[in-house]
Amino acid sequence: MTPDHLLIADALLPARNQMALSLGAHIILACFGVAMPAMLFVLHRMGANGDTDALELAKRWSKISGVLFAIGAVSGTILAFEMGLLWPGLMEQYGDVVGLAFTLEGISFFVEAIFLGMYVYSWGRLPAKTHQLLLLPMIISGMSGTFFIMSVNSWMNAPTGFDIVNGQIVNVDPWAAIFNEAVFLQYLHMLLAAYMVAAFTMVSVYSVGWLRGRRDRLHRLGILVPLVFAAIATPIQPIVGHFAGQAIADRQPIKLAAIEGLPVTESEVPIILGGYYDGSEVVGGIEVPIPGLASFLAQNSFDAEVIGLNEVPEEDQPPVNVVRFSFQIMVGIGSGLALLVTYVAYRWFRHRDSFLDNVWMLRAFTLTGVASIIAMETGWITTEVGRQPWVVHGILRTEDAVTDGNWVWFTLIGLTIVYLGMFAAGFGVLRSMSKRWAAGETDLESPYGPGRIHELVS
Amino acid sequence: MSAADAVAAVMFAAVTLYAVSAGADFGTGLWDLLAGGPKKGAPMRRLIDKALGPVWEANHVWLIFVIVLLWSGFPRPFATIMRELAIPFWFVGLGIVLRGSGFAFRKFAPTLQAARLAGIVFAGSSFVTPFFLGTIAGAIASGRVGTGVEDEVIWLSPTSILGGILATATCAFLAAVFLTEEADRSGDVELAEELRLKAFITAAVTGMVALFGTVPLRDDAPTLFDGLTSRGAPEIILSTVAGLATLHFLRRRQLRTARISAVIAVAAIVLGWGFGQYPWILVDSVTIEDGAGHPATLTALLVAAGLAAVIVTPALVMLYRLADTSRLSH
């Protein structure tokens with residue numbers, strides 16, 4: 001393959017990167033769409049019961065949600081386009097197999113968009129007790145939307161709901177495709193991740209404010225309310241992840257072999273932390289001194305056999321190092337966050353919120369947002385790159401699904417620039433909103449609003 | 001009516017709802033661009049912010065719905081469309097991203113400078129996006145998708161250009177009518193009168209484009225032309241009547257009625273296109289029946305559409321009513 005050929009004709013590399021960029025960017029915003037309504041509901045309820053600080057915080061977070069939801073909606077549209085633009089070979093064969101899940105997700109998103117519109121614009125127009133109820137459909141549609149999207153992704157790992165006879169796809173059962181055997185654990189895993197990302201990010205932001213001396217009740221609520229969500233979701237996540245991993249051992253043993261860096265099938269497999277897979281073994285890693293730990297985690301027995309990469313030809317193996325590193329980063333961060341929230345819970349039951357006076361605790365909190373986002377992204381890299389070279393596991397290769405368009409490098413570069421701009425601008429806008437709140441503004445009127453019109457010249 | 005026809009009908013209903021709801025949103029871009037400097041344009045931009053704020057995301061979802069129904073119900077035609085019309089789709093995607101983020105950022109922009117930049121991004125992308133959507137419709141309707149046309153850029157054919165111009169004009173027209181009514185209701189008589197004139201002019205221009213646009217269709221898109229002059233004729237006539245009625249209501253300052261007739265005019269012409277190209281999903285290439293996906297999926301999609309009607313309709317009515325009353329209270 002000449003470099004020239006790579007640049008012009010082979011769309012696989014840029015298409016995969018573009019999909020990774022689009023999904024990786026959108027998933028962060030999606031987390032807020034899924035999880036913010038529940039946190040808002042708690043605050044709004046407190047507010048409806050007379051807590052004015054909580055109500056003010058809910059109002060601010062609804063504005064933040066509005067901005068995040070807007071860029072989430074448009075980046076989600078790009079993904080819908082890309083399903084066809086980048087992967088026409090997937091959609092023309094399996095569009096009707098997974099289409100029902102996407103349609104139901106579309107309905108969920110519709111409900112969420114409608115109620116978000118109503119919620120954000122009802123401040124001061126509805127009594128708090130009624131207003132807060134608008135969040136309930138958003139909480140439910142966030143959960144159902146996550147389910148249907150995860151259903152499509154889990155279907156790619158555990159394809160079902162159709163037969164292939166003489167190369168033809170027949171006996172399509174879209175309901176069976178939705179309720180494939182991987183969906184339940186993948187759904188729980190992502191739902192918990194969404195709550196962790198949104199909750200820890202809010203904890204981080206308000207911890208920064210707290211450390212900068214804004215130690216008011218608003219910031220206290222801004223840390224504690226999402227922290228409760230994070231404290232519930234985070235310890236459950238490793239358990240769900242463990243069972244999801246065991247399911248992979250049965251269903252996608254080569255993905256697991258890549259995660260472990262296991263060249264050949266063997267029993268009593270240990271776990272090796274770090275190191276580099278050189279094509280035949282992991283070198284330079286640290287072996288966990290519990291013999292057969294990987295065997296145990298995968299098969300519930302320390303001397304169980306674990307499938308190695310050698311079971312399939314090389315062209316059917318995923319790139320090991322990317323998958324391994326991603327997995328270990330995810331597990332490392334997830335474990336760290338679980339320890340952190342366990343300690344916080346312990347402190348809470350002993351000394352209530354005295355941990356807010358501990359600077360090191362707060363410093364740890366400021367890192368949790370970025371950490372949880374990295375954990376989620378590396379989780380996605382693990383499952384997506386680990387499925388390669390298949391887009392539909394064992395059935396359709398990614399290279400057979402990709403477009404033959406000669407524009408993919410251009411759109412990859414273009415989208416990268418546009419998303420960098422969008423995220424930078426979004427970050428700037430959110431920062432300026434927070435500064436204006438800190439300075440005592442409440443309404444955040446636009447520069448050409450009636451109250452600011454005197455500032456305008458010309 | 002077969003299941004495939006029913007799914008196509010649902011999809012086309014969604015196309016129509018997208019055209020009238022998101023069309024009005026997109027059309028505000030032109031009036032935002034032309035509103036003038038920061039001070040002079042402030043009332044117009046405030047009006048646009050207020051009108052779009054609660055509804056634009058919900059209105060936008062119709063497009064996602066159309067795309068998803070297309071790949072679920074008609075997977076092979078969908079792949080063909082995406083392969084052959086990738087470029088205009090990328091422009092639409094770019095426009096949608098810039099429009100949505102520009103709009104969201106402008107409202108909370110810290111400085112006038114930032115608001116102006118976000119505003120130009122929002123308004124400019126709102127103005128051009130419908131053009132590319134129109135070229136996509138034109139390419140499909142003219143029988144150029146999936147038919148192996150090779151020696152031309154299929155989304156720049158005469159029918160596509162007509163589709164683009166018509167879509168852009170239609171959006172500007174709808175937006176002007178909607179905004180007139182809203183300015184009037186908010187009590188800004190001066191702005192309402194300015195917009196009423198704009199609505200009047202764009203109504204006339206859009207009508208002319210639609211009327212004379214059919215002339216090149218005869219040669220450039222013969223199948224569509226035959227369909228428009230037979231099966232689609234009632235819709236075209238309805239659209240013409242509703243368009244003329246809109247001019248009348250605008251002149252009489254019956255602005256709420258003008259809004260309704262404008263919606264009918266636009267919905268009818270979109271439906272006319274749908275009926276006009278029936279039974280083709282890709283004109284001259286693949287019929288709805290041949291392009292349809294597996295029957296089990298089609299049935300399931302109809303169930304989902306029923307579910308959507310039950311769940312989404314009341315919520316959407318609530319949203320629109322709330323948006324209306326909220327503007328009243330200002």
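How are α15(A) and α5(B) oriented to each other, roughly parallel or roughly antiparallel? They come out roughly parallel, a label that applies because angles under 35 degrees count as such; over 145 is roughly antiparallel, 65 to 115 roughly perpendicular, and the rest oblique.

Some housekeeping: this is a predicted model, where local features need pLDDT of at least 70, side-chain atom pairs count only at pLDDT 80 or more, and totals for chains, interfaces and linings use all residues. Residues are numbered from 1 along each chain as its sequence is written, with chains lettered from A and ligands numbered from 1 in the order in which they are written.

**The helix pair across the chains**

Two packed helices are described by the angle between their axes and the distance between the axes. Here α15(A) and α5(B) (residues 86-107) pack at about 10 degrees, axes 10 Å apart. Axes are lines fitted to C-alpha atoms, for helices over the stretch in contact, and angles run from 0 to 180 degrees between N-to-C directions. Helices themselves are DSSP runs (H or I, at least four residues), numbered from the N terminus. On the chain A side, T411(A), V418(A), M422(A), A425(A), G426(A) and V429(A) do the touching; their partners in α5(B) are W90(B), L94(B), V97(B), S101(B) and F105(B). Contact means C-beta atoms, placed from the backbone, within 7 Å.

The contact between chains A and B takes 62 residues from chain A and 67 residues from chain B. On the chain A side, α3 (52-85), α4 (88-120), α7 (174-178) and α15 (408-438) each supply at least two residues, and α4(A) has the largest share, 21 residues.

Inside chain A, an automatic or database assignment gives domain 1 (28-181) and domain 2 (189-404).

**A helix in chain B**

α11(B) (residues 255-277) has 23 residues, and 18 of them are buried, so the helix is largely enclosed by the rest of the structure. Buried means 20 or more other C-beta atoms within 10 Å of a residue's own, with C-beta atoms placed from the backbone.

Key
Contact = placed C-beta atoms within 7 Å. Expected span 1.5 Å × (residues − 1). Buried ≥ 20, exposed ≤ 12 C-beta atoms within 10 Å, placed from the backbone.
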